[in-house]
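Me: I have a new structure open and would like to get my bearings. Can we go through it piece by piece?

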Amino acid sequence: MMPFGLKIAIINRAFRKKLDEKAGDMGLTAVQLRVLGSISRLEASGETEIHQNDLERIEHVTHPAMTKLLQRLESKGFIRCVVSARDRRYKKITCTEQSAGIYKMILAQDEEVFDELCRGLTEKDRGDLMRLADMLLKNIDSE
């Protein structure tokens, strides 16, 4: 029997591969697209200032990794980083016109890939899978 960790790793690679293909059409990696989606989603929810540390917490990545990622997104014209009006120690991160609202497209792509991977599952199975994944994530966050 295949270990659980290996199963998760294989599923993750398959999911990322499909999202990388879609992100590649925009000149991005799946990780860059996911972070861009987080920025876009936070802006759409009314968040007035998004800082790097917010994204690090959401994405579970280190400060240096997020710094490089944001630099790449800014150089490609997807985001702007300006000094925060509230606290000059931080940079406020915003989507450019090119990427505003991109979270909607990302959600649609995510759903499309999820549908492909869940072929043959019932709606109940899909709901159970999402509920269990949410529980696993909650357990990770509580560590």
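Reply: One definition before we start: helix axes are lines fitted to C-alpha atoms over the stretch in contact, and angles run from 0 to 180 degrees between N-to-C directions. Also, this is a predicted model.

Me: Fine. At what angle do helix 5 and helix 6 pack?

Reply: Helix 5 (residues 102-117) and helix 6 (residues 123-141) pack at about 115 degrees. Their axes are 12 Å apart, and the crossing is right-handed.

Me: Which residues make that contact?

Reply: Helix 5 contributes Glu111, Phe114 and Asp115, and helix 6 contributes Arg126, Leu129 and Met130. By class, that contact has 3 nonpolar, no polar and 3 charged residues.

Me: What about Thr122, where is its place?

Reply: Thr122 is in the loop between helix 5 and helix 6.

Me: What does the side chain of Thr122 lie 2.9 Å from?

Reply: The backbone nitrogen of Asp125. That distance is to a polar atom of the Thr122 side chain.

Me: And how far are the C-alpha atoms of Thr122 and Arg88 separated?

Reply: By 51 Å, with the two residues 34 apart along the chain.

Me: Let me step back. How many helices and strands does the chain have?

Reply: The chain has 6 helices and 2 strands. From the N terminus on, the order is α-α-α-α-β-β-α-α.

Me: What does the C-alpha trace span along its principal axes?

Reply: About 55 × 35 × 25 Å. The chain has 143 residues, and 31% of them count as buried. Of the contacts with a separation of 6 or more, 52% are between residues 24 or more positions apart.

Me: What comes just after helix 3?

Reply: His60, which takes a positive phi of about 60 degrees.

Me: Back to Gln52. Why does Gln52 count as buried?

Reply: Gln52 has a relative accessible area of 17%, and buried means under 20%, so Gln52 falls in that class. It lies in helix 3, which covers residues 52-59.

Me: Which residues does Gln52 touch, leaving out those up to four places away in sequence?

Reply: His63, Met66, Thr67, Leu70, Lys91 and Ile93. With one of them, Thr67, Gln52 makes a polar contact, side chain to side chain, at 2.8 Å.

Me: Last topic. How do helix 2 and helix 4 pack?

Reply: Helix 2 (residues 30-44) and helix 4 (residues 63-75) pack at an angle of about 85 degrees, with axes 10 Å apart. Angles of 65 to 115 degrees count as roughly perpendicular, so helix 2 and helix 4 are roughly perpendicular to each other.

Me: What is that contact made by?

Reply: On helix 2, Val31, Gln32, Val35, Leu36 and Ile39; on helix 4, Met66, Leu69, Leu70, Arg72 and Leu73. These residues divide into 8 nonpolar, 1 polar and 1 charged.

Definitions and conventions:
Residues are numbered from 1 along each chain as its sequence is written. This is a predicted model: local features need pLDDT of at least 70, side-chain atom pairs count only at pLDDT 80 or more; totals for chains, interfaces and linings use all residues. Side-chain values use heavy atoms; hydrogens and water are left out. Helices (H or I, at least four residues) and strands (E, at least two) are DSSP runs, numbered from the N terminus. Buried means under 20% relative accessible area, exposed over 50%, partly exposed in between (1.4 Å probe, protein chains only). A polar contact is a pair of N or O atoms within 3.5 Å; within protein, one must be able to donate a hydrogen and the other to accept it, and residues adjacent in sequence count only if both atoms are side-chain atoms. Contact means heavy atoms within 4.5 Å. Angles under 35 degrees count as roughly parallel, over 145 as roughly antiparallel, 65 to 115 as roughly perpendicular and the rest as oblique. Ala, Val, Leu, Ile, Met, Phe, Trp, Tyr, Cys and Pro count as nonpolar, Asp, Glu, Lys and Arg as charged, and the others, Gly among them, as polar. A crossing is left-handed if the near helix is turned anticlockwise from the far one by less than a right angle, and right-handed if clockwise.
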